[in-house]
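Here are a few friendly notes to read alongside the model.

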Amino acid sequence: MFIKSKSKKRIVMSFLNLSAHQDINTISTNDIIENANISRGTFYNHFKNKIDIVNFIETSISHSLDEQFVNVDKNYDNFFYILSEKVFPIVYDDREYIKVLYQFYEPQLFSFLSSHYSKFLVPYFENYDEKEYGIPKYYVLTFFFRVILDAIMSWISQPIPLSVEEFKKVFYRLINTSMTEICGIVIRR
C-alpha cells in the first residue's frame, strides 16, 4: 500500500504499531497522535478518527487488489494465475495492514471481500449440480471462498510467513487436496 503523504503514513503506521500491542478498542486518537509525534491538527487534516484510518487502509488495499483483478479475462481462465502471481505479492507486502483489518474487523472484512471478489469464482461452478452433491450452490461457493481466504489469512498471520513463492506451492496443494486426505481420515455420514 503506497501512501503519498508522509504525515498520513506516520498516522497509519502509528495506528498499526499501537494495534500490534494493544486492543484496537483501547487506542485513542491521542495515543495515535502522541505515537506519531504529530499535531492534533495534522491528524484531523487526514482522518476523523481511528475508524477512518481502518476505512482508509481497507480502501487502499482494495484499490490495489482491484487493479489486479481487472486483468481477469472474460472466461475466468486466469483467476488463479492472477490470484497467485499478482494478488499474493500485494497481500504479502500489505500483511501488517491486513492483519489489523482481519483481527478486529473479520466479519465485516469477510463480508466485504466476499461481496467484492467471490464473483470471480462463480464461473468455476457453472456446471455444479446441486442434486448430485446434495449441497446448495451458494453454500459451496461461500465455503470455497472462505477456504481461500482462510488459507491466505493463516499464511500472513504467521510471525514469519512463508515467501510468496513458497506459499503458492502450499496454497495449490491445499485447494487441490481434500480435507479427508490431509487429515488421513474417513468421514462417514
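1. Arg146 and Asp150 form a salt bridge, with 3.3 Å between their closest N and O atoms; the term is used here for a side-chain nitrogen of Lys or Arg within 4 Å of a carboxyl oxygen of Asp or Glu. The two sit four residues apart in helix 8 (residues 137–156), so about one helical turn separates them. (Helices are DSSP runs of H or I with at least four residues, numbered from the N terminus.)

2. A word on the basis of all this: the model is predicted, so local features need pLDDT of at least 70 and side-chain atom pairs count only at pLDDT 80 or more, while totals for chains, interfaces and linings use all residues. Residues are numbered from 1 along each chain as its sequence is written, and side-chain values use heavy atoms, with hydrogens and water left out.

3. The scale calls a residue buried under 20% relative accessible area, exposed over 50% and partly exposed in between, using a 1.4 Å probe and protein chains only.

4. Next, please look at Glu85 and Lys168, whose side chains meet in a salt bridge at 2.8 Å, N to O. Glu85 belongs to helix 5 (residues 79–93) and Lys168 to helix 9 (residues 164–175), so this pair ties together parts that are 83 residues apart in sequence. Glu85 is partly exposed at 33%, whereas Lys168 is buried at 8%.

5. Which residue of helix 9 lies three residues from Lys168? That is Glu165, about one turn of the helix away, and Lys168 forms a salt bridge with Glu165 as well, the closest N and O atoms being 2.8 Å apart. Shared partners join Glu85, Glu165 and Lys168 into one network. The count for the model comes to four salt bridges.

6. The largest cavity has a volume of about 310 Å³, taken as the space filled by probe spheres set on the points, which are joined across faces, edges and corners.

7. What lines the largest cavity? Of its 22 lining residues, Leu65, Val91, Leu113, Tyr117 and Leu149 are the closest to its centre; a lining residue has an atom within 4 Å of a point. Helix 4 (50–69), helix 5, helix 6 (95–117) and helix 8 each supply at least two residues of this lining.

Note on methods: 1 Å grid on protein atoms, 1.4 Å probe; cavity = no way out; pocket = protein on both sides within 12 Å on 5 of 7 lines; lining within 4 Å.
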